[in-house]
Amino acid sequence: MSNFWSGYIIALTTVFLILITWLLFATRKGQKADHTDQTTGHSFDGIEEYDNPLPRWWFMLFVATIVFSVVYLVLYPGMGKWKGVLGWTQVEQYQDEVERAEAQFAPIFARYVDMPVEEVARDEDAVRIGQRLFATNCSVCHGSDARGAFGFPNLSDNDWIWGGSVDQIKTTLREGRQAAMPAWLAVIGEAGVRNTAGYVRSLAGLETENVDLEAGKKVFQTNCVACHGPEGKGNPMLGAPNLTDDIWLYGSSLLQVQHTLRYGRNGNMPAQAHLGEDKIHMLASYVYSLSQEEGEVSDTGRPKGR
């Protein structure tokens, strides 16, 4: 915060405290202590406002709030760059609470950190811990049931974009992932977009009318095989999804596939390295356990989602 804005906040706060104090005492001055039948002259719909003083307890309550404000602003930050006599900051309080939590829960994570993920994934207590970590850090995108949503992969099946092996899951959590499906409209034109969309849908067994599949296949072989492979089965090393299954991250309709080809897609999985290796280990175990419900995951991992 600059010196100007710091001074502005201090001046504004001080002036308002003085004005409020003056207003409180000025309106009370000259008022009679006893109740009176004298009115202020205000009348509406037959209702008149009596000129009675504010009850003493109410007046003292206002005074107490002003005193509290002054004491608070002296002890705690609130006046520009003034840090307060106590030197309290919300950052330090947060760090202290995190350190206390780490000290409290570190022994729990330590029990599992040296266990293989496959073994942790079969431990009910560990899975519950991983589920809570997932709910806190991952559910906002992937959902509380980990089944994903439009643009966010389903983590409960056995189909993977970046690979479903233990190491691949940990790498995804630790380093994040940045998907980059380029826009192809400027390269292949509208006709190419429509024909290629029809061909891509045909790889998954979907029919599309009024498209030239052969033309779409040629465009695919020229521009798409570098990432998705000649058969469209994808490449986990590049995050290129399998185009031959029935899992569509951005929708399988002709319009949705055309939109993907025309404008591209940019999915982002943020890195979770700040959680530390122990929590990443637990999260990886939980995510791994979800895929085991529908089948074993190979060491290489299949492409997951689209």
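**Group meeting: a helix pair, a hairpin and one serine**

Let's start with the helices. Helix H1, residues 3-28, packs against helix H2, residues 56-75, at an angle of about 165°, and their axes are 11 Å apart. Axes here are lines fitted to C-alpha atoms, for helices over the stretch in contact, with angles from 0 to 180 degrees between N-to-C directions. H1 and H2 are therefore roughly antiparallel, a label for angles over 145 degrees.

A word on the source. This is a predicted model: local features need pLDDT of at least 70, and side-chain atom pairs count only at pLDDT 80 or more. Residues are numbered from 1 along each chain, and side-chain values use heavy atoms, without hydrogens and water.

Back to the helix pair. Which residues in H1 meet H2? Among them are Leu17, Ile20, Leu24 and Phe25. On the H2 side, the list includes Phe59, Phe62, Ile66 and Leu73. Contact means heavy atoms within 4.5 Å. By class, this contact has 10 nonpolar, 3 polar and 2 charged residues.

Next, the hairpin. Strand S1, residues 39-44, pairs with strand S2, residues 47-50, in the antiparallel sense over 3 bridges. Pairing takes at least two DSSP bridges. Phe44 stands opposite Ile47 in S2. The hairpin has 2 residues between its strands, and Asp45 takes a positive phi near 55°. S1 is hardly covered: of its 6 residues, the buried count is 0. Buried means under 20% relative accessible area, with a 1.4 Å probe and protein chains only.

Last, Ser285. Ser285 sits in helix H12, residues 277-292. Ser285 counts as buried because its relative accessibility is 2%. Leaving out residues up to four places away in sequence, Ser285 touches Val117, Val120 and Ala121.

How values were computed: Helix = DSSP H or I, 4+ residues; strand = E, 2+ residues; numbered from the N terminus. Parallel < 35°, antiparallel > 145°, perpendicular 65-115°, else oblique. Nonpolar A, V, L, I, M, F, W, Y, C, P; charged D, E, K, R; others polar. Buried < 20%, exposed > 50% of the residue type's maximum accessible area, 1.4 Å probe, protein only.
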